[in-house]
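Please work through each task before reading its solution.

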Amino acid sequence: MFKFLGRDLSALFFAVVLTAVPLVPVGQAEENINRSHGISIFGEPKYGPDFKHFDYVNPNAPKGGKMVVGEFGSFDSLHRFILKGDAAYGMIQGPGPADFTTMYDTLTVDSKDEHSSTYGLLAKEIEWPDDRTWVTFTLRSEARFHDGTPVTAEDVVFSFDTLKDKGAPSFTVIWKDIVKAEVVAENKVKFTFTKSSRELPLMAGAVPVFPKHYWDGKDFTESSLDIPIGSGPYKIKDFEPGRFIEYELDPNYWGKDLPVNKGKFNIAGQRKEYFRELEIIRQALRGGEIDFWQENKAAAWADSYDLPAVEQGVLKKEWIDYKEIQGMQGWYLNTRRQVFQNQALRQALNLAFDFEWTNKTLFHNQYTRTASYYENSDMASTGLPSGLELEILEKYRGQVPDALFTEPYVVPVSDGSGKNRKNLRSALKILKEAGYRFEDKKLIDPVSNEQVAFEILQASASSNRILNPWLKILNERLGMNVSVRVIDPSQYLERIKTYDFDTISLNLPQSQAPGVEQYHYFGSEGVENPGSFNFSGVNDPIVDELVEGLISATSLVEQQSFARALDRVLLWGDYVVPNWYLSSNRLLYWDKFDRPAVLPWEGARLEYWWIDADKASTLEERKSSLK
């Protein structure tokens, strides 16, 4: 499944098969039609048709209270579904624990304690044939948009067609095998597919639905600051471009009592304050101007919160583990650029990065080195290929590196001294064998006959302390000319959308069940098309075939085997200099929140938390007593 435009849509693609009722469609040959409140890719359902709520929520959580969170960057648009403009956070569900507000409901919604299941939200019933070549969704009669108008099948079809034709390019990539959506009754919509697929019915359920009447006379392709109409639990209350956006819980939200929503969306108001520097956000937290922050910097976690408020528990500082799959965080090397088309250079850059010294000296040993595109999961390749994974890869023997079959992929390891001599000797050997040469202490590219030079693009200078030791080695020891350029966050987003960069640092998030979004990440269609997440420009027919195999898998074992094979081929391609990961949330929040005892696999998320009225009423007094 996938995360798109900041929203974790992966969950919306899984659901549980609970009942199967044979039907005979008019004018068609007899086929077995399944009916259920959900649909599953693999396995049996955890939650039955009469379930009351998910296990990781408090169904009796009180509604109310307000919170303020900090966001990095800026925004100039309230239109989240196109590339143009820099849209505000919170309009669709984002990956961070605090980014839970959502204005748009989807046909189905995921559970967070199963590998791959989703349940009806806008849809009260799902129907599909055994071969999964189509799916229908029957809408709930009570579903309403914020303006009180009913959500209809026509709105669903309009949303799908508009997003696929005029939305961000990733919609076209992800939904390329959904042939059409059509109204088959006032409250029923049918999606037809190009092929039999276990995943496509669940993908169709992830379509965010917006009202057709709202967009009459408006240009969907243009960014806008008009407040949109949605159908989800939150509405925009107020905003000022670049400064803040405030959401409020809709007291008339049509779906508040559904089992899939019980115990969720408890905080009545959420204000997102925008800041241009991460350190300013930390200052705002320490000063009590914001209520919640997920710390992303190890040094700040270790050194920036030695405060009486933390010591006395008024400002909570918690390390909360989670089981969520981790994507590949690293420096993505844009192979569209000539400088990175030689794999030898990409290998050398990896060898030159001294993670062990960095982790010890700068990160207080908080991190683990990333060694997979599906880190922290059973999808990650390990050791040598075996079993079904080996069978899959045998087809490509002679087209992939021979070492892939005989050597486990291992990220370079140093002695942690900061000298990294062994790995640098290996890097120099690889470069010389590939035709690189030294002239006047400069590393000369064998194709351009110029010094190897590239730029690392960033939206903040906060990572310079990590980059500088690596750059010093590349420039002084390996004769390159590598620089860092920091630009405005809005410019940064625009440039990565169009692949106008040499190198960037980011993480490609993964879901618990990787699927069609892998086209978006690694498919060759994304090499030229702006807006994909194929930042390294992977252009390999083998990768395309492995992605197709992963998506077409008919069992969890097959899915895992294709994921491991894909992971292995990507790793041996050296498209990224892997960074590090953390299987925990580092959270800081003022003591006015409470949360369920059982955590979902994604760990801490304010979507399931609530504000404790007693704690909130005494918080300012407790803050004052610290002074």
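**Exercise 1.** Determine whether Lys212 is buried, partly exposed or exposed, and identify its salt-bridge partner.

*Solution.* Step 1: Lys212 has a relative accessible area of 30%. Buried means under 20% relative accessible area, exposed over 50%, and partly exposed in between (1.4 Å probe, protein chains only). Lys212 is therefore partly exposed.

Step 1: The side chain of Lys212 meets that of Glu154 in a salt bridge, with 2.9 Å from N to O. The term denotes a side-chain nitrogen of Lys or Arg within 4 Å of a carboxyl oxygen of Asp or Glu.

Step 2: Helices (H or I, at least four residues) and strands (E, at least two) are DSSP runs, numbered from the N terminus. Glu154, at 43% relative accessible area, is partly exposed.

The model is predicted: local features need pLDDT of at least 70, side-chain atom pairs count only at pLDDT 80 or more, and totals for chains, interfaces and linings use all residues. Residues are numbered from 1 along each chain as its sequence is written, and side-chain values use heavy atoms, leaving out hydrogens and water.

**Exercise 2.** Locate the two partners of the salt bridge between Glu222 and Lys84.

*Solution.* Step 1: The closest N and O atoms of Glu222 and Lys84 are 3.0 Å apart.

Step 1: Glu222 sits in the loop between helix H4 (212-215) and strand S12 (234-240), and Lys84 in the loop between strand S5 (64-72) and strand S6 (108-110); this pair links distant parts of the chain, 138 residues apart.

Step 2: Glu222 is partly exposed at 35% relative accessibility, and Lys84 is partly exposed at 40%.

**Exercise 3.** Which residues are linked with Arg495 in a network of salt bridges?

*Solution.* Step 1: Arg495 forms a salt bridge with Asp500, the closest N and O atoms lying 3.4 Å apart.

Step 1: The network links Arg337, Glu455, Arg495, Asp500 and Asp502.

Step 2: Arg495 is buried, at 16% relative accessible area, whereas Asp500 is partly exposed, at 35%.

**Exercise 4.** Describe the aromatic pair of Phe292 and Trp609.

*Solution.* Step 1: Rings of Phe, Tyr and Trp (its six-membered ring) pair if their centres lie within 6.5 Å; planes under 30 degrees apart count as stacked, over 60 as edge-to-face and the rest as tilted. The structure holds 46 aromatic pairs.

Step 1: Phe292 and Trp609 are edge-to-face, with 6.0 Å centre to centre and 85° between the planes.

Step 2: Both Phe292 and Trp609 are buried.
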